[in-house]
Amino acid sequence: AFERGTLIVQAPAGTGYANSFPVDIVEVLTRGDCAAVAIGYGLLPSFLSLGKVALGARTQRLLLEAIAAEVSTRAVAPRIVLYGESLGAKVQEAAVPLGPADLDRLGVSAALWVGTPGGEDSDAFHALCSGESFTVDRPEQLPAAADMPRPRPRVWFLEHDGDPVVRFRPALIARRPAWLPADGARGRNVPEQMTWKPGITFAEAFVDTMFATNVKPGLFESRGHDYRADLAAVTTAAYDLPSDAAMAARLEAYLRAKEIQRAELLGEA
């Protein structure tokens with residue numbers, strides 16, 4: 001792994017599932033010059049694995065420190081990038097609580113955190129990284145290469161406006177959230193008629209988290225907690241990988257076909 005150009009360190013979701021998409025994307029765009037590692041911390045759905053976040057974070061931190069120690073001994077070493085999705089994003093963020101300062105110490109060149117479960121700790125971490133982070137709801141919000149901020153953002157958050165997993169938090173019980181302003185403005189896929197009501201909105205968001213992902217292999221929808229339609233473009237941008245419009249189209253088709261093939265092999269198609 002340390003002889004490859006890019007090393008992807010991934011934190012799985014609470015079930016132990018590690019999304020293969022970011023690895024597939026990096027593998028294609030680097031022509032195989034990459035390696036990936038993931039360590040699980042639970043075997044239950046994410047909402048039943050919240051108690052494992054601290055354990056998962058400690059495991060990630062030990063892994064990252066061991067990688068950094070090995071890299072420091074090498075004249076030529078891989079570029080280290082992080083990927084966490086759903087509860088895995090929360091785990092990986094907790095593993096680097098000082099944000100950019102920890103990324104510097106561990107030699108991490110880029111991090112992509114997708115669909116991080118909501119909470120005040122998530123808000124605080126966003127604020128901590130604000131100086132060198134970029135948050136998008138969908139690929140259409142990505143800046144063109146010529147308009148990319150300089151220096152290039154190192155921390156990327158991919159979070160749908162209408163993802164209840166991202167929006168749900170205890171504070172909804174008594175406080176109006178920023179994503180439901182009183183002026184009626186709403187983000188993408190947030191119902192126009194949705195308003196904040198003490199207690200009621202909390203209950204609605206809790207129920208919505210149970211139905212946030214409805215995945216059909218090969219059918220990509222940029223909706224709810226399903227980020228497959230966004231990952232090709234956002235991963236390419238976050239990790240600063242070489243691509244163009246033709247390659248992006250081919251990559252998207254490849255990911256769809258590979259997911260269908262994988263589902264057929266697993267009997268899930």
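Residues are numbered from 1 along each chain as its sequence is written, and side-chain values use heavy atoms, with hydrogens and water left out. Because the model is predicted, local features need pLDDT of at least 70 and side-chain atom pairs count only at pLDDT 80 or more, while totals for chains, interfaces and linings use all residues.

Start with the empty space. Rolling a probe the size of a water molecule over the atoms shows where such space is left. On a 1 Å grid over the protein atoms alone, a pocket is an open set of points where a 1.4 Å probe fits, with protein on both sides within 12 Å along at least five of seven lines. The largest pocket comes out at about 1,200 Å³, a volume being the space filled by probe spheres set on the points, which are joined across faces, edges and corners. It is lined by 42 residues (those with an atom within 4 Å of a point), and Ala13, Ser46, Ser86, Thr213 and His225 are the closest to its centre. Two or more lining residues come from each of strand 1 (6-11), strand 3 (79-85), helix 3 (87-95), helix 7 (200-210) and helix 9 (245-265). Here helices (H or I, at least four residues) and strands (E, at least two) are DSSP runs, numbered from the N terminus. By type, the lining splits into 24 nonpolar, 10 polar and eight charged residues; Ala, Val, Leu, Ile, Met, Phe, Trp, Tyr, Cys and Pro count as nonpolar, Asp, Glu, Lys and Arg as charged, and the others, Gly among them, as polar.

Now for the rings. The whole structure holds seven aromatic pairs, meaning rings of Phe, Tyr and Trp (its six-membered ring) with centres within 6.5 Å; planes under 30 degrees apart are stacked, over 60 edge-to-face and the rest tilted. Trp113 and Phe125 sit edge-to-face, 5.4 Å centre to centre with 70° between the planes. Trp113 belongs to strand 4 (residues 108-114) and Phe125 to helix 5 (residues 120-129), so this pair ties together parts 12 residues apart in sequence. Trp113 also pairs with Phe157, at 6.0 Å and 40°, so that pair is tilted. Phe157 lies in strand 6 (residues 155-158), so the link spans 44 residues in sequence. Together, ring pairs make a cluster of Trp113, Phe125 and Phe157. Trp113 is buried (under 20% relative accessible area, against over 50% for exposed and partly exposed in between; 1.4 Å probe, protein chains only), at 0%, and Phe125 is buried at 8%.

Leaving aside residues up to four places away in sequence, Gln60 touches Val9, Gln10, Ala11, Val91, Gln92 and Ala95, where contact means heavy atoms within 4.5 Å.
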